[in-house]
Amino acid sequence: MRKFKTESKKLLDLMINSIYTNREIFLRELISNASDAVDKLYFKSLTDKSIELSKDELAIQVSFDKDARTVTVSDSGIGMTKDELDRNLGTIAHSDSMAFKMENDEVQGDDVDIIGQFGVGFYSSFMVGKSVRVVSKAYGSDEAWAWESDGVEGYTIEPAERAEHGTDVIITLKDNTDEDSYDGYLSEYGLKDLVKRYSNYVRYPIRMEVTKSRELPKPEDAGDDYVPQFENYQELDTVNSMIPIWKRRKSEVDQEEYNEFYKTDFHDFADPARTISVHAEGALSYDALLFVPSRAPFDLYSRDYQKGLALYSSNVLIMEKCEELLPDYYNFVHGVVDSQDLQLNISRETLQHNSQLRAIAKKIEKKITSDLEDMRDNDREGYEAFFENFGRGLKYGIYASYGSQKDTLADLLLYYSAKQDKLVTLAEYFEAMPEDQPAIYYAAGDSVERLNKMPIVKTVLGKGYDVLLCTQDVDEFCFTAMRDYGANEDGEGAKELKNVASGDLDFATEDEKKEAEEATKENEDLFKALKDALGNEVTKVAVSARLTDAPACVTTEGPVSLEMERVLSKGPEGPDGVKSQRVLELNAKHPVFDTLKAAHEAGDNDKIRLYADLLYNQALLVEGMPIDDPVAFAQNVAKLM
Ligand code: ADP
Ligand code: MG
C-alpha cells in the first residue's frame with residue numbers, strides 16, 4: 001500500500017471533518033472534476049486535429065447501485081495514467097487542474113471552463129464514502145488503472161479494465177447510523193435533486209437512468225371498459241440544463257425563456273415585471289441575470305425573509321443566497337451572479353476576499369437603479385404597480401441610512417399629488433413649483449381622501465402650492481431623514497421638505513404675521529384660560545396664520561409631528577412613548593373666535609373649558625388622530641345643543 005504523501009493523513013482528516021459544512025457537495029465536486037476532465041480532452045481536440053470526439057464522449061454519467069450501496073460518477077474525459085492517479089489523488093492539495101488553467105489562461109472561459117483549483121474537492125467523497133475506487137484510462141493509453149482508498153491510511157493502485165478513455169469514481173457509502181442516513185444518495189430523486197441544485201449549469205450533459213412511465217399498447221380484444229395500462233421503464237436522460245441562461249445575450253433569449261427560468265428557479269407563479277441581463281468584462285468580469293418580481297412575496301416584510309442572489313463560479317453553484325450582493329432596499333430582486341474572478345475559499349462555500357464581491361454588488365445596485373429609472377420614465381403604469389409593491393422598502397432605505405442613500409433612491413419615489421390628483425415623482429413636483437414656493441409641502445395621514453379635506457392642505461393649495469399626500473407609516477420618517485430635495489450639482493437650490501401640519505409654515509405675509517401676533521397678544525388672557533383648560537394636552541394656544549375656513553387646527557412644534565406620534569405609538573414603546581408638542585391654533589377671523597371672546601369677557605369659565613375641549617378634539621378628529629375620551633366629547637356636544 002502506498003501512503004498518502006507527508007502530512008496528508010492529518011490534512012485528509014482535517015479536510016473531511018472540517019472544511020465542508022455540507023456533505024452533499026461531494027457530488028458537486030465529483031461532477032466538477034468530471035467536467036474538467038471532459039473540458040481538458042475537448043481542449044486537446046481543438047489543437048490536435050487527429051482527435052475526433054463524438055457528442056456522446058463529451059458527457060458525464062451519474063448512477064447508483066442500491067444493493068452494493070455505491071454511487072458512481074463517470075466521465076469520458078481525458079482520464080489519468082498510473083502516474084497521474086498517484087500524483088493527483090495521492091497528494092492532497094495538489095491540483096493539476098489549476099496548473100492546466102494557468103497554462104491555458106487565454107482560452108479559459110470561452111472554449112473551456114475549468115472549475116478545479118484547490119486540489120481538495122475529490123476528497124470530499126470521503127465525507128459520505130467509507131471507500132472510494134477510481135478506475136481511469138488516460139486518453140491515448142491502452143491500459144486502465146484503479147486507485148482505491150478508505151481515506152485513512154493510504155491507497156492502492158492496481159491494473160484494471162476500462163473499455164474507453166475516461167474515469168469512474170465509485171463511492172461505497174458509509175453505513176447508516178442513528179444520526180446519519182446516506183440512503184438519499186441511493187435514490188434517483190435524491191441524486192437528481194443534487195445535480196440540479198449544484199451542477200445544473202455544468203456545460204456538459206449529466207446523464208442519469210431515470211424511471212419513466214409509458215402507456216402499454218391497447219390489446220386487440222380490449223372491451224369498452226378497457227382502462228389504459230402503464231409500465232415503468234428506465235431511460236438515460238440528461239438532467240442538467242447546461243447552458244446558463246445568464247451567459248447568453250439578451251437578444252438571443254426569448255422573454256418566455258427568461259420567464260420560465262425565473263418561475264422555476266425562484267418559485268414564483270407570476271412572470272417577472274423586469275428582467276435585467278448584465279455582461280461585464282474587464283478587470284472584474286461577471287454575468288448577472290436579475291428579476292424584479294411582479295408582486296411582493298407575502299413574507300417580504302417579515303423577519304424571516306432572506307434577500308440575496310445566487311452566486312455561481314464557473315457555472316457551479318457556490319451560494320444559494322448571497323446577501324452581500326444586494327442592498328436591503330433592493331431585497332426584492334431575485335437572480336444569479338456568475339463570476340470566474342471570485343476568489344473562493346477552499347470549501348467553495350464562501351469567498352475569500354469580499355472586495356471583489358463588494359465591487360460586483362456596487363455595479364449590480366447601479367444596474368437595478370437605472371433599470372427602475374427606465375421603467376419609471378418609459379412604463380409609468382408598470383412602475384406604479386412596482387412601486388405599490390416595493391416602494392415602501394425604498395423609502396425605508398432612505399430612512400434607515402439616515403438619508404445617505406437619498407441620491408440613489410429619492411428619484412425612485414412616487415407620491416400622491418393633491419393638485420394633480422395622481423402619483424408624481426419629487427422631480428416632477430419640483431419642476432412644477434411656482435418660482436416663489438418656499439418649500440416642498442407634504443401632509444401625512446391615513447388616507448388620501450382625509451388628507452385632501454384637511455384645512456391646512458386646503459390653505460396650502462389655495463396659495464397655488466402642491467401638497468404631497470403621504471399615507472404610509474414610513475413616509476414622514478423618510479422625509480425627515482432626507483430633509484430637503486432638489487439640490488443642483490453644486491449642492492444648492494434644495495427645498496426643505498415640510499409637513500404642512502408642523503412647525504412654522506412661513507406663509508403669512510409680514511402684515512398677516514403681525515396681525516396674528518397682535519391678536520395673540522390682545523387675547524393673551526383668553527389663550528391662557530384655554531391653555532389652562534387643556535392642561536398638558538397642548539404646549540401652546542395661539543392665533544393661526546395658516547387657517548382660512550376652519551375655526552381651529554392642531555399643529556406641532558419640534559421634531560415630532562402628529563403623524564409620527566401616531567406611527568410611533570404603534571411601536572414597541574406604545575402610546576406612552578414619543579409625544580409631539582401640540583399647538584392649538586385658532587382662526588381669529590372665524591365667528592367661533594368671537595363666541596370664545598364673548599364667553600371669556602363674561603367670565604364664564606365653564607363655557608371656556610367646554611369650548612376648549614370641543615375645538616381641540618374636533619381638530620384632532622379632522623387630522624385623523626384619536627381623541628382621548630370620545631364619550632366626554634359626545635356629552636359635551638350634546639350639552640351645547
Ligand atoms: P481540483 O479539482 O481542485 O484540482 P480535486 O481534489 O477535485 O482538486 O482533484 C485533484 C486532481 O485530480 C485534479 O486537479 C485532476 O487533475 C485530477 N482528477 C480528479 N478527478 C478527475 C477525473 N474525473 N478525470 C481526470 N482527472 C481527475
Ligand atoms: Mg475538483
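This is a predicted model: local features need pLDDT of at least 70, side-chain atom pairs count only at pLDDT 80 or more; totals for chains, interfaces and linings use all residues.
## A walk through the chain and its ligand

The shell of residues around ligand 1 is made up of six nonpolar, 10 polar and three charged residues.

In total, 19 residues surround ligand 1, and the closest of them are Asn33, Asp75, Ser95, Gln117 and Gly119. Where in the chain do residues of the shell around ligand 1 come from, in terms of helices? Helix H2 (25-47), helix H3 (82-90) and helix H4 (96-103) each contribute at least two residues to the shell. Of the elements that take part, H2 gives the most, with three residues.

Asn88 has a polar side-chain atom 3.3 Å from an oxygen atom of the ligand. With Gly121 the backbone takes part: one of its N or O atoms lies 3.3 Å from an oxygen atom of ligand 1. How much of the ligand's surface does the protein bury? Taken alone, ligand 1 exposes 540 Å², and the protein buries 97% of that.

Now step back and look at the protein chain as a whole. You can find 19 helices and 23 strands in it. The radius of gyration of the chain is 36 Å, well over the 26 Å that the globule rule gives for 641 residues, so the chain is more spread out than a compact globule. Along the principal axes, the C-alpha atoms fill a box of roughly 120 × 75 × 50 Å.

What about the inside and the outside of the chain? Of its 641 residues, 50% count as buried. The accessible surface comes to about 32100 Å², and carbon and sulfur atoms account for 47% of it.

Ser149 belongs to strand S5, which covers residues 144-149. Is Ser149 buried or exposed? Its relative accessible area is 4%, so Ser149 is buried, since buried means under 20%. A polar atom of the Ser149 side chain lies 2.8 Å from the backbone nitrogen of Gly151.

Definitions and conventions. Residues are numbered from 1 along each chain as its sequence is written. Chains are lettered from A and ligands numbered from 1 in the order in which they are written. Side-chain values use heavy atoms; hydrogens and water are left out. A residue is near a molecule or strand if one of its heavy atoms lies within 4 Å of it. A polar contact is a pair of N or O atoms within 3.5 Å; within protein, one must be able to donate a hydrogen and the other to accept it, and residues adjacent in sequence count only if both atoms are side-chain atoms. Accessible areas come from the Shrake-Rupley method with a 1.4 Å probe; for residues, only the protein chains shown count as cover. Helices (H or I, at least four residues) and strands (E, at least two) are DSSP runs, numbered from the N terminus. Ala, Val, Leu, Ile, Met, Phe, Trp, Tyr, Cys and Pro count as nonpolar, Asp, Glu, Lys and Arg as charged, and the others, Gly among them, as polar. The radius of gyration is taken over C-alpha atoms; the globule rule is 2.2 Å times the number of residues to the power 0.38. Buried means under 20% relative accessible area, exposed over 50%, partly exposed in between (1.4 Å probe, protein chains only).
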